[in-house]
Amino acid sequence: EVVGSLRHEYKSDNFRLTTNNSYVQGYNNNVLDITKNTQTTLNYTGQNLQLGGSFTYLQRQGTKEDEAWALSGNWNQTLLPNLRLAASSQVKANDKGRIYDHLVETTYNVGNHTLALAVQQKLNPDLLEEDKKPNWRSVNRLPEFTWRWQNPSINDLKLNGRFELSLGKFEEYPSGASSMRLIPKLDLTTRNWRSDFGTTFTYGGGVAGYFYQDQQSQQVVNGRFSLLQRFSSWLSVAANYNKQQVWGSTPFSFDKQTNQDRLTGTISLNYQGASLTIGSGYDFLSSKYNDLATRLNWNSGAVRVSTSLNYNMNTKSFGNFVGNFSYTPHEDLQIRFGSRYNIGKQSLERIDGKVAFDLTETIKVSYDAVYEPAKNNKFTKGEFVLAWDLHCRELSFRYNQTRKEFSVRYSINAFPKLPLGYSTVDGI
């Protein structure tokens, strides 16, 4: 694998410019993968004004072929001590399409009350081209007014949470839906209750209503409950329950709420460097269990062992059994071995290992390999490396057995990710 990176930062008074660039090249199943990534940001911070902009670009070649970029800018200004005006714009593009997202919002704060007025447009420009099939919806918020009340209280009734009331007009494409929308919403802050005998109970939830001008409406009630019981310093049991009930319908796709009804649980044991975790769950709506997952780990310092096993309780079949072993008595020696076996298919899918040690004070030797019997009984990775430390430089000799490639690399320690080299396959 060849990795190159360059990072630079420039500061001057209120300005800050940062750029990050990387180049990664490596082989995956004898296919050359190349990833190019660049990110540049520019920010200005004044007394009452903040400006920012960024550009990112990603290109991948090899087993994955895609290209994506994003350009964004934002502006935040304090007009009065309690009045702020913000604007942002973002353009995203990839092989699947483009998305424009423009937002202008002003907020005014008085105590624990916040008033906000927002105008937003999320647009897929492909919708404007007749010869292209839209693959993402566009949403217009023109405009929306919101009142937020933090920790509301009426007379002696006090609630820990937030009440929110919003009213706005929305348009969605390509469905063509257009409607005013009114949302009263109450979210309760997550609270904890602890006992003196190791019990911790956590709960939270909320209610909301979505009302539209065409007489459609959605009502949502959700609750979150968690229970943690510590029986001792080495044994604990945890359970989490999440339920959301939805009534009604919406003319839009972007704000459609769904029912949820899930329960998950975990048993954890930790004793003298060893840990065992068993967990699963159940979806009451689909009447299906989550996989029963078992994780066993042991760490004695120099020796580390980890295993995992999944069991599908719906089909009553075992999945993969994964085991890993590593031995590192000191920094000059590392031995690692792992394997993956599919019990249901009775197939050994993967064996991997690595050995690295110091031959002398300046010469290091390592061998890293992956053997996958399920893929025609062949090695998908196998590399022998002999590295020679030349004080502030390094000279390495490498042999890749999967590509039958010999290479030489020379690098300066001050720039370890920018090596020079020669390969019998790729040349210089």
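This is a predicted model: local features need pLDDT of at least 70, side-chain atom pairs count only at pLDDT 80 or more; totals for chains, interfaces and linings use all residues.
Within strand 17, G265 is the bridge partner of A239.

One of the residue pairs here is T264 with G281, the latter in strand 18. The hairpin of strands 17 and 18 has 2 residues between the strands, and in it Q272 takes a positive phi near 50°.

Let me turn to S268, which lies in strand 17, residues 260-271. Is S268 buried or exposed? S268 counts as buried, because its relative accessibility is 17% and the cut-off for buried is under 20%. Leaving aside residues up to four places away in sequence, S268 touches W234, L235, S236, L276 and T277.

I now move to the aromatic residues. The structure holds 14 aromatic pairs. Among them is the tilted pair of F15 and Y44, with 5.0 Å from centre to centre and 50° between the planes. This pair links distant parts of the chain, since F15 is in strand 2, residues 15-28, and Y44 in strand 3, residues 31-45, with the two 29 residues apart. F15 is partly exposed, at a relative accessible area of 45%, and Y44 is also partly exposed, at 23%.

Finally, F170, Y212, F252 and F254 are linked into a cluster by ring pairs. Over the face of F170 lies R181, at 4.2 Å from the ring centre.

Technical notes:
Residues are numbered from 1 along each chain as its sequence is written. Side-chain values use heavy atoms; hydrogens and water are left out. Helices (H or I, at least four residues) and strands (E, at least two) are DSSP runs, numbered from the N terminus. Buried means under 20% relative accessible area, exposed over 50%, partly exposed in between (1.4 Å probe, protein chains only). Contact means heavy atoms within 4.5 Å. Two strands pair if DSSP finds at least two bridges between them. Rings of Phe, Tyr and Trp (its six-membered ring) pair if their centres lie within 6.5 Å; planes under 30 degrees apart count as stacked, over 60 as edge-to-face and the rest as tilted. A charge sits over a ring if NZ of Lys or CZ of Arg is within 6 Å of the ring centre and within 35 degrees of the ring normal.
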